[in-house]
Amino acid sequence: HLVESGGGLVQAGDSLRLSCAASDQPPGPLTMAWFRQAPGKDRNFVAALTTSGNTDYADSVKGRFTISRDNAKDTVYLQMNSLKPEDTAVYYCAAKFFGISRLRSMYTYWGQGTQVTVSS
């Protein structure tokens with residue numbers, strides 16, 4: 001069970017931090033990831049983080065977004081800086097066991113999403 005929070009309406013250049021709280025997850029090395037879906041577009045990979053600390057970022061967010069996790073709180077974060085209007089989307093938290101992947105189909109668990117809107 002994944003629950004996202006932290007979305008909202010911001011201006012271009014602003015920062016926002018999304019949170020994803022995990023509960024009732026089966027034990028095991030969960031890779032956590034963020035995807036996003038803009039209106040009329042596919043759900044695309046944003047960032048991922050393994051339990052060993054390996055990360056991967058989409059080129060469009062590299063250098064601006066940072067994924068992190070607090071294992072004690074079973075929470076993963078997405079710090080988004082220098083936001084752009086093209087970052088506007090519903091952001092989804094996802095989880096999978098073992099390894100890192102950019103493929104949506106590889107992720108087993110999904111949250112309901114949180115809306116991020118960036119005005120110009």
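Biologist: Which strands each supply at least two residues of the lining of the largest pocket?
Modeller: Strand 3, strand 4 (30–37), strand 7 (65–70) and strand 8 (75–80) do. Strands here are DSSP runs of E with at least two residues, numbered from the N terminus. A pocket, on a 1 Å grid over the protein atoms alone, is an open set of points where a 1.4 Å probe fits, with protein on both sides within 12 Å along at least five of seven lines; lining residues have an atom within 4 Å of a point.

Biologist: Before we go on, what sort of model is this?
Modeller: This is a predicted model, where local features need pLDDT of at least 70 and side-chain atom pairs count only at pLDDT 80 or more, while totals for chains, interfaces and linings use all residues. Residues are numbered from 1 along each chain as its sequence is written, and side-chain values use heavy atoms, with hydrogens and water left out.

Biologist: OK, how much space lies in the largest pocket?
Modeller: About 210 Å³, where the volume is the space filled by probe spheres set on the grid points, joined across faces, edges and corners. The lining has 15 residues, and Ala22, Leu30, Met32, Arg69 and Asp74 are the closest to the pocket's centre.

Biologist: New topic. Which cysteines does a disulfide join?
Modeller: Cys20 and Cys93, with 2.1 Å from S to S. The rule is a pair of cysteine sulfur atoms within 2.5 Å, and it gives a count of one disulfide. Cys20 is in strand 3 (residues 16–22) and Cys93 in strand 9 (residues 89–97), so the link ties together parts 73 residues apart in sequence.

Biologist: Is Cys20 buried or exposed?
Modeller: Buried, at 0% relative accessibility. Buried means under 20% relative accessible area, exposed over 50% and partly exposed in between, using a 1.4 Å probe and protein chains only. Cys93 is buried too, also with 0%.

Biologist: And how many salt bridges does the structure hold?
Modeller: Four, counting a side-chain nitrogen of Lys or Arg within 4 Å of a carboxyl oxygen of Asp or Glu. One of them pairs Arg36 with Asp87 at 2.9 Å, N to O. Arg36 sits in strand 4 and Asp87 in the loop between strand 8 and strand 9, 51 residues apart.

Biologist: Which residues are linked in a network of salt bridges?
Modeller: Arg36, Arg64 and Asp87. Of these, Arg36 and Asp87 are both buried.

Terms used:
Helices (H or I, at least four residues) and strands (E, at least two) are DSSP runs, numbered from the N terminus.
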